[in-house]
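Let me put the structure up and we'll walk through a few spots.

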Amino acid sequence: MTSVAGSLKVRGNDYRVLEPLLDDFTPELKVSVVIPAYGGQDKLDLVLAGLARQTYPAELTEVIVVDNGSTPPLRLPAVRPKRTRLIVCTEPGRANARNAGLAHAMGDVIHWLDSDVVLTPGAIEAHMRWHHAAPYLVVTGYIRFTDAELPAELPGDLEKHFEPAEPHAWIVDLVERTNGLTDNPQRPFSLHVGGATSVNARLVEAAGPMDDELILGQDTEMGYRLSQAGAVFVPEPAARAYHLGPTMRMRDKQPIDRVSHAFVADRIPSYRWLRGHPGRQWKVPYVTVVVDGTAGYDAVRATVDALLAGTVPDIFVLLLGPWDTLERDRRAPLKDPDLELVLVHGHYRHEGRVRLYPTESVDPAVPFVLRLPPGWIPGEDSLARLLDLARDEGLGLVNVLLRESSRGVVAARLERTSAFARAHLVAAPGEDFDDVVDAVSGVSWVEGETYGFTTEAAPLLGRRGAYRARVEAQAEAARLAKEAERLRAQVAKWRDEAGRWRKSAVELRREVGTLRRQLAAANRAQQGLRALVSTTMKRALRKRLRG
């Protein structure tokens, strides 16, 4: 894909720095609308009638209908855009049909459209305003699902006929909870749905066509590859459409997901929840680690073995070296001038997660690339922590400072493939590339020691050791849980006893109060008696004195 230097540098997926052209909009780009179809002539007629009403210039619009083996064959109705072609693809499957249409498309923009989705008149124009603003966009309209009876002819007022209708709920939810896909969404490519999405043709060229091995999930898988190619994903509410009836996924979500997930797990590393197995390999790994394999057997082995034993098993290690030119000395191996290379080659030749390549060749579908100098040994969780940092902060590059001296800086680099692809699209001639990555995604430096990188190899835990450690940890956890339960029971006992003490204390306080009242009454009675005795004695004394 050629560079589009001078384009605005969109950071992450925050397309708000772009402004779709409005009042002074002069359409220049051509759009190819590709419609795969299998049966459903009545719905196709309505879809083409809707396209005939579009406000985008007809001379800049072509429509390619792909008949995917319908019986009877599909035909073009009288009401359709002027530049409409009907081609036949006998290979079954929506991906094959879309690829057949894509091969005939001549537009600057490819607009995917399903044969049961009717666009409102301004939908394509709303898409194309964005594509005139930047050449690396994927724009998706808002689809509403209607159960209205199919009309014989497309009504003039679509809303009046097709409403009430249901929104595309999961897309609306995705857009709303990510502030329109601008708040560092982890998977903005999920917006790429084949029903009503447009893509710059050069992005499609860079990402490649639909994966025809997939029966379901082709849209999402292609959206992922578009993201890896540097795409920015834009939801456009002004591009509205009506889906004539529910989708297959809406009718049978769980079985559809079951079939789809079984295949896309191999192809979309970002779907981490589909890769729960702790040790298996996948078609597209989550990380490719590039290591110079010519730095000596001991240094290379220390680095690679630590990577393979880490907490991120979903990796491929790419060892670079002149492997194709090696000729082993079978008579005096210790005198072989290429002995170090021979040892590295022999040690990893049959390791499934190591690739021995003469030059760097990284699959663009791999989300992250780690470039690690040989001899530097990551800790068991070092790579996982770097990945967490990159994901949480949306970084395109994490530089790991390993050593700094008068001879320079030794560093590792964790690169996000999609950020580097975006930077390639917008970098101006002579512009520092890391600065461009910083502009579109962000760059950070961290200390290698803080993230567990050393030059001293530690004993690897290994599968058996890991099993024993897990069993011991589970046993210790069970013991602690039992002890915690015992302590909780003791606390409950103490609480009950404390409750009894509080109750006894209340009763005692009541008894003390009663006794105090009785004592006070007795004291008052005693005082009264004393006063009476005193008075009586005084009277008796007076009488005696008078007598």
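Let's start with glutamate 431, which is partly exposed, its relative accessible area being 31%. Before I go on: what you're looking at is a predicted model. Who does glutamate 431 pair with? Lysine 9, in a salt bridge whose closest N and O atoms are 3.6 Å apart. Lysine 9 is partly exposed as well, with a relative accessible area of 28%.

Across the whole structure, a search turns up 25 salt bridges. I'll pick a couple of others. Aspartate 173 pairs with arginine 177, the closest N and O atoms being 2.9 Å apart. How are those two placed in the helix? They both lie in α5 (residues 169-177), four residues apart, which is about one turn. And remember, an α-helix has 3.6 residues a turn, so residues three or four places apart point the same way. On accessibility, aspartate 173 is partly exposed at 38%, while arginine 177 counts as exposed at 58%.

Now for glutamate 415. Is it buried or exposed? Buried: its relative accessible area is 9%, and the cut-off is under 20%. Its side chain meets that of arginine 413 in a salt bridge, 3.0 Å from N to O.

Okay, on to the inside. In soluble globular proteins, nonpolar side chains tend to be buried together. Here, the largest nonpolar core has 59 residues, and among those with the most contacts inside it are Trp112, Tyr136, Leu137 and Phe233. There's a second, separate core of 39 residues, and Val291, Leu341, Leu387 and Leu402 are included in that one. Going back to tryptophan 112, if you leave out residues up to four places away in sequence, the ones it touches include Val34, Leu102, His192, Met210 and Met222.

Leu387 from that second core takes us to helix α12, where it is one of the buried residues. Others buried in α12 include Ser382, Leu383, Leu386 and Ala390. What do the buried residues of α12 pack against? Strands, including β10 (287-292), β11 (315-320), β14 (397-405) and β16 (443-447). As a geometry check, α12 runs over residues 382-393, 12 residues, so at 1.5 Å a residue it should span 16 Å; the end C-alpha atoms are 17 Å apart, which agrees. Following α12 comes glycine 394, with a positive phi near 65 degrees.

Last stop, the outside. Leu529, Leu532, Val533 and Met537 make a nonpolar surface patch of about 410 Å². Leucine 532 lies in helix α15, residues 462-546, and counts as exposed at 54% relative accessibility. Proline 92 is exposed too, at 61%, and you'll find it in the loop between β3 (84-88) and α2 (94-104). How far is proline 92 from tyrosine 38? They're 54 residues apart in sequence and 9.2 Å apart in space, C-alpha to C-alpha.

That's my tour, happy to go back to any of it.

Technical notes: Residues are numbered from 1 along each chain as its sequence is written. This is a predicted model: local features need pLDDT of at least 70, side-chain atom pairs count only at pLDDT 80 or more; totals for chains, interfaces and linings use all residues. Side-chain values use heavy atoms; hydrogens and water are left out. Patches are made of residues with over 30% relative accessible area and no salt bridge: like charges are joined within 9 Å, nonpolar side chains (Val, Leu, Ile, Met, Phe, Trp, Tyr) within 5 Å. Accessible areas come from the Shrake-Rupley method with a 1.4 Å probe; for residues, only the protein chains shown count as cover. A salt bridge is a side-chain nitrogen of Lys or Arg within 4 Å of a carboxyl oxygen of Asp or Glu. Buried means under 20% relative accessible area, exposed over 50%, partly exposed in between (1.4 Å probe, protein chains only). The expected span of a helix is 1.5 Å times one less than its number of residues. Contact means heavy atoms within 4.5 Å. A nonpolar core is a set of buried Ala, Val, Leu, Ile, Met, Phe, Trp, Tyr and Cys residues joined through side-chain atoms within 4.5 Å.
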